[in-house]
Amino acid sequence: MNVDITDLTRRFGHTQAVAGVSLETGAGVFGLLGPNGAGKTSLLRMMATVIPPTSGRLRLLGRDPGGYGPRREIRRRLGYLPQNLGYYPGFTVAEFVEYFALLKDMPSAQVPKAVATAVERVDLGSKARAKLRTLSGGMLRRVGIAQAIVNDPELLLLDEPTAGLDPEQRVAFRALLRDLGQRTTVVVSTHLVEDVGAACTEVALMDNGKIVFHGTPDELTARGEGHGIGDAPMERGYTAVLAAARS
Amino acid sequence: MERAAGRLLRSPGLARALVTTPSLLLGWIIATVVVLVAGVAATLGTGTPYVALLAPAVAAAGIAYAYGPGIDPAWELSCSMAVSDRMVLLVRALAVFALNAALGLAASAASGAAAAVTFGWLIPMTAVCGLALAAATVTRSANVGVAAGLAGWLIAILAGQAAAGRYTAALTDSSLVLPYLAVAACCGAIAMYATRIPRGTS
């Protein structure tokens, strides 16, 4: 299992952001659904080794990120797209992706080809020399995805990756996700159920820091039959599960 | 410059992290030079060693603004990288310190102040920079780091004035060298502790 989490918690002062989450997942695309403030981003940040858990057991790629050596090894094989991607406006697309390839400790000789491949995969080949300050929000999001996949990660964590993408780009991105999920563990945090339905093999629904549903997208859809509120079958499943968890 | 840093640090990633230091951007460096040039003019005009009094405060601000949340645009992402953010912080802090020390030395030489004062600010600057770094890393706020550094330096100057009747006592009193170095070492240790990732995740 590339992600092995047992009873993980995270507190920020008096706020319990993640409250005893357990999950395991291997290769495939894992969707993390939930309303705003459910704890998705905190869980993803712990998996990205940005913040440590308050308690519980976290193993990534078979290693404990609590130790310096294992954490560094995990980070070499990790791709992460944060919810708010900060960038250097004066960098070009290629320079930005190259910077993070270097910080991921990729061998220097492999970097130029890896950068070109990653930029092409997000359909920004023609913009490789464009300064980041000249790009639209959707393009910047794709730059963020390019830096996340530049090292061909074994564990890819994407926080709201489709935010700002137009419908055509979202369709292309879902195809990229399915392709990456063939050999990589991809965890996608989103509040868009259609992304989960189209790209994910497994889904967990979080609310108030807990996982209130874990199964396949079809199973989530089935929960909404005859219940729930929403325009699409999976939306009805989503609302039905949340309503049941809160009642 | 990036290539030279890459060879020196033996890490192209750290080298690029160095050249993206917020407080080493051109605007910041120009502002530092302007402050020190004004200090030189004031020193030459009044005989008071303003350069020596200003240099530690300016360097402390640069150190606090070298790296961190809200300062470095890509900080969140950098925290998930194999090249550790502690290394990035260390390299950037040393670079900012070295640049400010060089600019301060040039300004001191140009102001022609007394020898003891000319270079007497280097060790106090180390302590003040250490204080700013420790405060910034513990609170994860560059502004708190700047405030702590400036407050610490102001207290040292005022204490020198109260004890010896001279503002420059904080720079010239040789008995303060060891306390300054002790403060710098303690603050360095605090910064190292504050930037660790705690164990206990499994």
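**A walk through chains A and B**

A:V3 has A:L60 as its bridge partner in strand 4 of chain A. This is a predicted model, in which local features need pLDDT of at least 70 and side-chain atom pairs count only at pLDDT 80 or more, while totals for chains, interfaces and linings use all residues. Residues are numbered from 1 along each chain as its sequence is written, and chains are lettered from A and ligands numbered from 1 in the order in which they are written.

Let's stay with the strands (DSSP runs of E, at least two residues, numbered from the N terminus, as are helices, runs of H or I of at least four). Strand 1 and strand 4 of chain A pair in the antiparallel sense over five bridges; pairing asks for at least two DSSP bridges. Strand 1 (residues 3-12) is also joined to strand 2 (residues 15-25) of chain A, running antiparallel, by eight bridges.

Now to chain B. Here the axes (lines fitted to C-alpha atoms over the stretch in contact, with angles from 0 to 180 degrees between N-to-C directions) of helix 1 (residues 2-9) and helix 2 (residues 12-19) come within 8 Å and cross at roughly 130 degrees.

Finally, the chains meet: 30 residues of chain A are in contact with 22 residues of chain B, contact meaning C-beta atoms, placed from the backbone, within 7 Å. Strand 4 (55-60), helix 2 (68-76), strand 5 (78-81) and helix 3 (93-103) of chain A each supply at least two residues of the side touching chain B.

Note on methods: Two residues are in contact if their C-beta atoms, placed from the backbone, lie within 7 Å.
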